[in-house]
Amino acid sequence: MQAPIAAYLQALHAQLAGANAGELASYIPELTKANPDWLGISIVTMDGVAYSVGDAEQLFTIQSISKPFVYGMALADRGQQAMSEKVGVEPSGDAFNSISLHPQTGAPLNPMINAGAIATTSLLAGRTTEAQWQRIESSIATFVGHPVTVDESVYQSESSTGHRNRAIAWMLKNFGIIEGEPMASLENYFRQCAIEVSCRDLAYMAATLANGGVNPLTGQRALPAEHVGQVLSVMATCGMYDFAGSWLYEVGMPAKSGVGGGVIAVIPGRFGIAIFSPRLDAKGNSVRGIEACRRISRDFGLHMF
Ligand code: DON
C-alpha cells in the first residue's frame with residue numbers, strides 16, 4: 001500500500017499541476033503575496049508516516065482550518081452542553097463571513113463560519129485573553145507535532161482590514177454570546193488564523209482527528225476522544241460553508257478549508273489528507289484542493305456512504 005500511495009500522489013500532482021482556475025484571496029491584502037501555482041499534497045497514515053508531493057513544506061497561514069481544532073478545544077474546556085448554548089451546529093448555507101446568528105438567541109449557526117469561530121475563540125479556558133492564546137498555540141502544536149509560529153504580516157494585514165469580523169464580534173457581544181472584551185477575543189481569532197503551517201503539518205492535524213485525537217507520530221493526545229466525533233460532524237456538515245452539501249455528496253469526508261489555500265479531509269481510522277493550492281473559488285475554497293479530494297475519494301473508494 002505504501003509505495004502505491006507515493007506513486008499515486010506523484011501522478012495526481014502531475015494531473016493537477018497545470019490547472020489555473022481560481023483567484024488568490026485579496027480581502028486580506030497580505031495573502032496576495034502567495035504564489036498562485038503552489039501545489040502540495042500530503043497524506044498521513046495511522047502509523048504516523050507522511051507521504052508528500054509538491055510544495056508540501058511551504059509555510060502558509062492556516063486561516064479557517066484552525067476553526068474545527070479551536071472548536072475541539074472549547075468542547076474540551078466547556079463541555080458540549082455549555083457550548084451548545086453559545087454556538088449551534090446547523091449548516092448556514094451562507095458564505096463564511098455571513099452574519100448567520102439565530103434570530104432569538106443570537107447564537108451563531110455553527111462554529112465553522114466566522115461568527116461561530118469568533119465566539120468559540122472567546123469561550124476557551126483561560127482567565128485572560130493571553131492565557132486563551134497560549135491554549136490555542138499549545139493545542140495546535142500538539143495536533144501538528146511541533147511548536148507553531150504566527151505570520152505577523154498576515155495577522156497585521158487582517159487585523160487592520162477585518163472590519164466585518166469586528167462588526168460580527170460586537171454583534172456577538174450585543175447578544176451576550178461573547179462575555180468578555182470582544183476586541184481582545186477578535187485579535188486572538190485573527191492570530192489563530194495567521195498560524196503558519198505546511199501542507200504536511202495540516203495532514204498531521206487531520207490524521208490526529210482520524211486517529212481519535214492522538215497525534216499518530218508523537219503519540220500525544222491533542223483532543224479528548226469524546227469530542228472527536230463532534231468536531232468531525234461539524235466539519236462534515238459545515239466545513240466547506242455553502243458548498244458543504246455538494247462536498248459531502250461528491251467527496252463524502254469531513255473536511256475544512258481556509259482562504260490561505262489549505263484543505264484538510266479526514267478518513268477516520270485511516271488517513272489525514274491535506275492539499276495546499278492558494279487559488280480559491282467564489283466560496284473561498286481551494287479549487288485544486290477540492291479537485292484533489294474528489295479524485296482521492298473516487299480512486300480509493302473513500303466516500304463515507
Ligand atoms: O476571518 C476570516 O475571514 C479569515 N481569517 C478566515 C476565513 C477563511 O479562511 C474562510 N475559508 N475558506
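Leaving aside its neighbours within four places in sequence, which residues is Ser64 in contact with? Select Ser64 and find Phe96, Cys193, Lys256, Ser257, Gly258 and Val259, which are its contacts once those neighbours are set aside. Two residues are in contact if their C-beta atoms, placed from the backbone, lie within 7 Å.

Before going on, note that this is a predicted model, where local features need pLDDT of at least 70, side-chain atom pairs count only at pLDDT 80 or more, and totals for chains, interfaces and linings use all residues. Residues are numbered from 1 along each chain as its sequence is written.

Stay on Ser64, in the loop between strand S3 (60-61) and helix H2 (66-78). Helices (H or I, at least four residues) and strands (E, at least two) are DSSP runs, numbered from the N terminus. Ser64 counts as buried because it has 23 C-beta neighbours inside 10 Å. The cut-offs are 20 or more other C-beta atoms within 10 Å of a residue's own for buried, 12 or fewer for exposed, and partly exposed in between, with C-beta atoms placed from the backbone.

Now select the positions that the unreviewed UniProt entry annotates as "binding site": Ser64, Asn114, Glu158, Asn165, Tyr189, Tyr241 and Val259. UniProt positions are given in the numbering used here, feature names are shortened, and annotations may be inferred rather than shown by experiment.

From that set, pick Asn165, in helix H7 (residues 163-174). Is Asn165 buried or exposed? Asn165 has 20 C-beta neighbours inside 10 Å, so it counts as buried. Apart from neighbours within four places in sequence, Asn165 is in contact with Asn114, Ile118 and Leu186.

Next, go to strand S1 (residues 40-45), where five of the six residues are buried. S1 runs antiparallel to strand S2 (residues 50-54), and five bridges join them. Two strands pair if DSSP finds at least two bridges between them. Select Gly40 and then its bridge partner in S2, Gly54. Four residues lie between the strands of this S1 and S2 hairpin, where Gly48 takes a positive phi near 85 degrees.

Strand S7 (residues 271-276) is also antiparallel to S1, with six bridges joining the two. To end the tour, select Val44 and look for Gly272, which stands opposite in S7.
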